[in-house]
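Thanks, everyone. Let me walk you through one structure. Please have the viewer open.

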Amino acid sequence: MAITDILSAKDIESALSSCQAADSFNYKSFFSTVGLSSKTPDQIKKVFGILDQDKSGFIEEEELQLFLKNFSSSARVLTTAETKAFLAAGDTDGDGKIGVEEFQSLVKA
């Protein structure tokens, strides 16, 4: 499954263009612009599955750093500060990674 099966290419392009500069990534505005906030829990779960590159059932810090690349191979990697802030926002149980339920909560925040 491709991410464009769930999200529109136009929305992805718009969301990526809004965070091209280093340290400009804001997960809330990204999720809103890309259209993920308005998707069903099942659709959000499918996007999580795409983002979970190693299929561990979690999005770890390394996968978060490459988050934008899941939407476009030409997108930048997140800075260390962006990655840590993103992880801190999503990791509600403190295990150092984001599970599917945590991701769904983060998207809907």
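A caution before the details: this is a predicted model.

I'll start with the annotation. UniProt, in an unreviewed entry, puts "domain: EF-hand" on residues 39–74 and on residues 78–109. Take the span 39–74. Its end C-alpha atoms sit 25 Å apart. That span is 44% helix and 8% strand. Now the span 78–109. Here the end C-alpha atoms are 20 Å apart.

Next, the core. Which residues have the most contacts inside the largest nonpolar core? They are Phe30, Phe31, Phe67, Phe71 and Phe103, in a core of 32 residues. α1, α2, α3, α5 and α6 each supply at least two residues. α3 gives the most, with 5 residues.

Look at Phe71 for a moment.

Now helix packing. Two packed helices are described by the angle between their axes and the distance between those axes. For α3 and α6, the axes come within 10 Å. They cross at roughly 115 degrees. The crossing is right-handed.

What meets what there? On the α3 side we have Pro41, Ile44, Lys45, Val47, Phe48 and Leu51. On the α6 side, they meet Val100, Phe103, Gln104, Val107 and Lys108. By residue type, this contact between α3 and α6 divides into 8 nonpolar, 1 polar and 2 charged. Phe103 is a name to keep, as it was also on the list of residues with the most core contacts.

On to the annotated sites. The unreviewed UniProt entry has a "binding site" on Asp52, Asp54, Ser56, Phe58 and Glu63. Pick Asp54. Asp54 is in the loop between α3 and β1. Is Asp54 buried, exposed or partly exposed? Partly exposed, because its relative accessibility is 48%. Beyond its neighbours up to four places away in sequence, Asp54 touches Glu60 and Glu63. Glu63 is itself on that annotated list.

The entry also lists "binding site" for Asp91, Asp93, Asp95, Lys97 and Glu102. Asp91 lies in the loop between α5 and β2. It counts as buried, because its relative accessible area is 15%, under the 20% cut-off. Leaving out neighbours within four places, Asp91 is in contact with Gly96, Lys97, Ile98 and Glu102.

Lys97 is in strand β2. Lys97 is partly exposed, at 26% relative accessible area. With residues up to four places away left out, Lys97 touches Phe58, Ile59 and Glu60, as well as Leu87, Asp91 and Glu102. Note Phe58 there: the record places Phe58 in the binding site with Asp54.

Ile98 is also in β2. Is it buried or exposed? Buried, at 1% relative accessibility. Its contact list beyond four places in sequence includes Phe48, Gly57, Phe58, Ile59 and Leu64. Phe86, Leu87, Gly90, Asp91, Phe103 and Leu106 are on that list too. Compare a pair that spans the chain. Ile98 and Asp11 are 87 residues apart in sequence, and their C-alpha atoms are 24 Å apart in space.

Last, some backbone checks. Asp23 has a positive phi of about 65 degrees, although it is not a glycine. Asp23 lies in the loop between α1 and α2. Asp23 is exposed, at 53% relative accessible area. Lys55 also has a positive phi, about 55 degrees, and is not a glycine either. Lys55 is in the loop between α3 and β1. Lys55 is exposed as well, at 57%.

And what does Thr79 contact, leaving aside neighbours within four places in sequence? Ala22 and Asp23. Thr79 sits in the loop between α4 and α5. It counts as buried, at 18% relative accessibility.

That's the tour. Over to you for discussion.

Key:
Residues are numbered from 1 along each chain as its sequence is written. This is a predicted model: local features need pLDDT of at least 70, side-chain atom pairs count only at pLDDT 80 or more; totals for chains, interfaces and linings use all residues. Side-chain values use heavy atoms; hydrogens and water are left out. UniProt positions are given in the numbering used here, feature names are shortened, and annotations may be inferred rather than shown by experiment. Helices (H or I, at least four residues) and strands (E, at least two) are DSSP runs, numbered from the N terminus. Buried means under 20% relative accessible area, exposed over 50%, partly exposed in between (1.4 Å probe, protein chains only). Contact means heavy atoms within 4.5 Å. A nonpolar core is a set of buried Ala, Val, Leu, Ile, Met, Phe, Trp, Tyr and Cys residues joined through side-chain atoms within 4.5 Å. Axes are lines fitted to C-alpha atoms, for helices over the stretch in contact, and angles run from 0 to 180 degrees between N-to-C directions. A crossing is left-handed if the near helix is turned anticlockwise from the far one by less than a right angle, and right-handed if clockwise. Ala, Val, Leu, Ile, Met, Phe, Trp, Tyr, Cys and Pro count as nonpolar, Asp, Glu, Lys and Arg as charged, and the others, Gly among them, as polar.
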